[in-house]
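Work through the exercises below with the structure in view. Each task is followed by its solution.

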Amino acid sequence: TNTSRYHSMQLNVEKRFARGLSVLASYTFSKKQDDYGWTTPDDIHFDWGLSREDVPHNFKFSNVWQLPEIQGNRVVNTILNGWMLNSMVTWQSGFPFTVSSGRDNSFTGIGLDRADFLGGDPDLGSDRPHGEMVAQYFDTSKFVANAIGTFGNSGKNMLRGPRYFNTDVALLKSTRIGGRVDVQFRAEFFNIFNNVNFNLPNSNVASAQFGRITSALDPRILQFGLKMLF
């Protein structure tokens with residue numbers, strides 16, 4: 001049977017300020033391991049390692065701000081009051097990934113052979129220009145196809161993908177238009193700073209795109225909406 005192990009430590013800080021502002025910050029340090037996705041049914045320990053969902057560092061910051069009211073006539077109150085600003089900032093480590101051989105050199109027909117690792121440090125770092133990261137995210141010269149009759153000696157999920165950073169912002173306003181009817185306007189800005197969050201690189205030794213990043217998550221998205229509440 002499959003087994004898994006998960007350890008985590010979480011810290012939460014919440015503060016309510018005057019003038020309708022409240023903030024919440026949370027940090028989670030964790031480690032998840034499992035033996036899912038057997039490469040060989042004869043040795044389940046061969047596949048014990050970091051889970052593909054392992055995210056050691058996860059930080060989130062959010063706020064809710066009820067904007068101060070402005071005293072004025074009925075028109076001013078209707079237009080300028082009742083606004084709320086929300087935001088969510090997320091920073092987290094990248095997901096781990098395995099370097100696969102892309103060949104069935106184990107002759108098992110399972111198709112999960114790993115690459116052979118030649119040693120050294122394959123990590124080229126994430127603090128590089130995007131063009132360099134896209135062209136070669138890790139040192140591909142450290143990996144070759146597994147030897148005939150083996151499953152490969154590289155570790156399960158031994159490399160980690162690009163980290164993730166994102167900021168979402170929402171501006172809301174509720175306006176009473178009847179005895180029990182409110183109209184809510186929403187302006188939502190996903191990934192407001194248009195930060196580039198890359199997906200995992202190609203990790204198949206046999207692929208012509210080996211080591212390259214070929215896709216990314218969504219860019220900035222703006223969304224507007226009206227909702228009636230009654």
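**Exercise 1: Surface**

The protein exposes about 13,900 Å², an area computed by the Shrake-Rupley method with a 1.4 Å probe. This is a predicted model, in which local features need pLDDT of at least 70 and side-chain atom pairs pLDDT 80 or more, while totals for chains, interfaces and linings use all residues. Residues are numbered from 1 along each chain as its sequence is written, and side-chain values use heavy atoms, without hydrogens and water.

**Exercise 2: Fold and extent**

Task: List the elements in order and decide whether the protein is a compact globule or more spread out.

Solution. Step 1: count two helices and 12 strands; these are DSSP runs, helices (H or I) of at least four residues and strands (E) of at least two. Step 2: from the N terminus the order is β-β-β-β-α-β-β-β-α-β-β-β-β-β. Step 3: the radius of gyration, taken over C-alpha atoms, is 25 Å, well over the 17 Å from the globule rule (2.2 Å times the number of residues to the power 0.38), so the protein is more spread out than a compact globule. Step 4: the C-alpha atoms fill a box of roughly 80 × 40 × 30 Å along the principal axes.

**Exercise 3: One residue**

Task: Locate W91.

Solution. W91 lies in strand β5, residues 83-92.
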